[in-house]
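Subject: Structure handover

Hello,

Here is the structure for you to look over. My notes follow directly below it.

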Amino acid sequence: MKTFIRSSACISAQNTFGKQELFPEVTDITGTCLRAIEPDYSLLIDPKLIRRMSHIIKMGVAAARECLTEGKIDMPGAIVTGTALGCLEDTITFVTRLIELNEELLPPTAFIQSTHNTVAAQIALQLKCHNYNNNFVHKGISFESALFDAMMLLKENEADNILVGGIDEMTDTSFAILSRLGLYRRWPVSNLSLFEISAKGTIGGEGAAFFLLTDKPSTDNLAEFKGLQTFYRPKDNREVEQKIMAFLALHSLQIEDIDLVITGKNGDLVNDKIYDQLVGSLFSNVAVANFKHLCGEYPTAAAFALWLAANVIKKQEVPSVVMERSLKNTEPRKILIYNHYMNIYHSMMLVVAC
Amino acid sequence: MSTEKYITSSCCISNNTVYKNGDLLFENTNADVAEFLLSVYEHFKIDYSRFYKMDNLSKLGWLASEILLKGGFKKENYPPETIGLILSNANSSLDTDQKYMASVADIPRSSLFVYTLPNIVSGEICIRNNFKGEGAFFVFDTFNADFIENYVSSLLDNNILQACICGWIELLEDEYKAVLFLVEKLNDIKAIPFTKEQMNKIFDDKKNHSMKDQEVYIAGVGAITAIGNNVAECLASFEKECAGMAEITFLDTIHRNKVPVAEVKLSNAELAEMTGVFADTSRTTLLSLMAATEALDDAGIDDISTLRAGFVSANTVGGMDKSEDFFIDFLKDNSKGKLRNVFDHECGCVTQATADQLGIKDFMTTINTACSSSANAISYGARLIKNDILDVVVAGGTDAITKFTLNGFNTLEILDRNYCRPFDENRQGLNLGEGAGYVVLVSAKLAKTLNKKLYCKLSGYNNSNDAYHQTASSPDGTGSYLAMKLALEKSGLLPSDIDYINLHGTGTQNNDYAEGTAVKRLFDPSYPPMSSTKSFTGHTLGASGGIEAVFSVLAIRHGIIYPNLRFEDQMRDFSFAPEKKFLTGQTIDHVMSNSFGFGGNCTSLIFSRI
């Protein structure tokens, strides 16, 4: 059985939503955080509902809707989402009020929408979709966990046309706290020169990317989603290399067969050591691309990478803005995505032409 | 005149497996249709040279009839004219029709042409067995048990036939399924009543098995709640009918002495000492460590590092208890607030900390679907085993009471100011609880190596969405009805097989009415005993599915049914009431456990005696 990506939709710091081209114009921002470019939600969601929705819910629901439209599917067989931090805006609003108002006379709306499963629930609610509905909240592999679930559902013949997405939002408060935890650059940097100026810290990001997975072949499919594997706290770089090689071998491939590797490089000195070393060893003879200078770093950023890979394969062109080391093969048919989150959670995804 | 009729034998061939009377007789996973059918022929050592001439549909049906009749059937007891065949499928002889059409372009092959009628399979079976009774072949979109029951019953009732082979024989390209029933008027030990329900059950049961499903067993359990710090203490409290609610002791809130909650009766310092971690660890993690460690110890697995092991844990608050402390300082000055207190804010941090302590690193993830979270964690864990990704999964969930959740439910005005009364006409809302509950799920292969008695198996599960409202359940209980009904279908059981329902039963007006309506839709008019153990533990949110799974497993092990405390008045809309007393000495084979949550997320689990 094969898993295909039937369609995709992505809201990110780039102009990625509802566009024919991958990056019609590249956003170049000098700062330490990239915020998503929001589409005109009134075209996608009932305006009465928009008013009550937080940023993450709007992004998620809009991306999900667009993905269904692209895939020409009215009712998904299942809805599975991944979000590490969930509905932060509403969570912070409710915590702030409960402290400031000393637990008295609190309005319930923020609490109601603060639960992490709100995006998946709102998609189901709007579609009146009674099918399987799940939500994963596991740090840097939240999206991968959701994808894994979707792949199992297909394999089990439990559902087809599975809507799977990765969503996380950035808020002023979370940015302030994560900055204090040392995640981001101390000084503003142009996102397009993120990899040129080496320093501690990355740039923050957010976004929503959704996919429709099916086991039915079609010329309309974007790509085949061939495999996914995650691993936890590798001992050293040698183990990372071994895991990647074993993953490829599982699909009867070697690194030489891969046309393009998309890495999760994010501009942070410590974080990027692993990628830099791989580019000099296992990946030394393969084209390499990066994406986090375009969308920023967030726990479900791998969803952006999958959106990029699936569309690169469909369009058969790699935008120069992502390239680190250019292609030997100008018609990329096999793409490996390798991402790690703080060197704790590592994930590998294999996307190939149909 | 209507007579008693029984299914005296059944055979199902599908997805590279052969089942007879529910038992797997043969499996050959890596074969295409033709190879598989030949391997069945060879495996059962049948010698019948006509087999090689048959088309695939006839081979399939003929093999199913051979296996169906093998052993018990005494055809000499009946005149040949009274043994008939009533068969059906969806695509007639299309598989061979297509092959024949393809051959027409070249040289039409008569050997194919003779099989371009579906009833040829009946002919092959009759030739082999010298059956001469009435036969018919019907075409339906899907297996129509209702029709088969009526048609075959009338043949037997009117003495046109004394025995009948009936069922479904479908084959098109790579897809195939044969399910045959032998129907007779005699009632031997293994016979089951000839009804459409039984036929559907056998038909669907095989549908589940045909996924090459492997069983998932429960080898260990662990729980910590307001009624006990471990499984034994919880059981003792049930027996004493002693609830865990009290005035708020540990949580620093203005609601103390105003709303009762069901706190775990240990302080963070005590929990930290018992689990060997720092005292500033989130209470959510501390509770998780207590129950997950107990469950894994209980499973009696020697060395988990030699197995493919996973930890699937659910929670809804993460380290919110610590984040609340952080925000008090942070809101005054955003350069203030102890970072250690926000470091484990994410739900995933709780899982990670516990997995590290348990020594599990092959697979871990966290689920948050509000109050159905840990029921989903258990079914996800089971699927990881069924898909042969892992051998053992510790699955369940944890949640601590925080100001965030207490105030949240308070703003929704669904907290009972007294001890909650689930499923009572005069219920006033829920009591918030806290705790953690985990089961250790193991594969059939691992189960055989464990030197202990397994508790039971997870036989069914379903996740459906109510798609009605963000926080309220639909009045017709659509989501809960679907979850229960589809979990039953997955397990191959009928509503009447369920011996006890552990209700979601929060005690809110909305939940209990919606859940009650769904129970009525599925079980009316004969209701199994049911109760909400939230009348003891309060509503433990993301932990409730895990904790109540543990209680469900224990109900089977000890033959007990838990009381629904403080129940007085039956709900006006329903003709059933929950169990009021702690019952022992019950035979509990199948338990259904319900967990429904915000966002319309509804999940039911079914546990079955082995």
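Of the 610 residues of chain B, 56% count as buried. Please keep in mind that this is a predicted model. Chain B has 20 helices and 18 strands. Its C-alpha atoms fill a box of roughly 90 × 50 × 45 Å along the principal axes. Among contacts in chain B with a separation of 6 or more, 77% come from residues 24 or more positions apart.

Domains of chain B

Look at strand β7 of chain B, residues 175-184. Nine of its ten residues are buried. Two strands pair with β7(B):

- β1 of chain B (residues 6-14) pairs with β7(B) in the antiparallel sense, over eight bridges. Here Cys11(B) has Leu180(B) as its bridge partner.
- β6 of chain B (residues 163-172) also runs antiparallel to β7(B), joined by ten bridges. Here Trp168(B) has Val179(B) as its bridge partner.

β6(B) and β7(B) form a hairpin with two residues between the strands. Glu173(B) in that hairpin takes a positive phi near 55°.

Helix α14 (residues 373-386) packs on helix α20 (residues 544-558) in chain B. The angle is about 65°, and the axes are 5 Å apart. From α14(B), the contact uses Ser373(B), Ser374(B), Ala375(B), Ala377(B) and Ile378(B). From α20(B), it uses Ser544(B), Gly545(B), Gly546(B) and Ala549(B). By class, that makes four nonpolar and five polar residues, with no charged ones.

One loop residue

Pro108(B) sits in the loop between α3 (94-104) and α4 (110-113) of chain B. Is Pro108(B) buried or exposed? Pro108(B) has 11 C-beta neighbours inside 10 Å, so it counts as exposed. The cut-off for exposed is 12 or fewer. Beyond its neighbours within four places in sequence, Pro108(B) is in contact with Ser103(B) and Phe113(B).

Where the chains meet

How many residues of chain A are in contact with chain B? The count is 48 residues of chain A, against 49 residues of chain B. On the chain A side, the elements that each supply at least two residues are α3 (88-100), α4 (109-112), α5 (118-127), β4 (132-136), α6 (142-155) and α7 (172-180). α3(A) gives the most, with six residues. By class, this side of chain A has 25 nonpolar, 14 polar and nine charged residues.

Inside chain A

Chain A is assigned domain 1 (4-214) and domain 2 (223-352). The C-alpha centres of these domains of chain A lie 22 Å apart. Their contact takes 47 residues from domain 1 of chain A and 37 residues from domain 2 of chain A. On the domain 1 side, β1 (4-11), α6, β5 (162-168) and β7 (207-214) of chain A each give two or more residues. The largest share of that side, six residues, comes from α6(A). By class, the domain 1 side has 26 nonpolar, 16 polar and five charged residues.

Best regards

Note on methods. Residues are numbered from 1 along each chain as its sequence is written. Chains are lettered from A and ligands numbered from 1 in the order in which they are written. This is a predicted model: local features need pLDDT of at least 70, side-chain atom pairs count only at pLDDT 80 or more; totals for chains, interfaces and linings use all residues. A residue is buried if 20 or more other C-beta atoms lie within 10 Å of its own, exposed if 12 or fewer, and partly exposed in between; C-beta atoms are placed from the backbone. Helices (H or I, at least four residues) and strands (E, at least two) are DSSP runs, numbered from the N terminus. Two strands pair if DSSP finds at least two bridges between them. Two residues are in contact if their C-beta atoms, placed from the backbone, lie within 7 Å. Ala, Val, Leu, Ile, Met, Phe, Trp, Tyr, Cys and Pro count as nonpolar, Asp, Glu, Lys and Arg as charged, and the others, Gly among them, as polar. Axes are lines fitted to C-alpha atoms, for helices over the stretch in contact, and angles run from 0 to 180 degrees between N-to-C directions. Domain bounds come from an automatic or database domain assignment.
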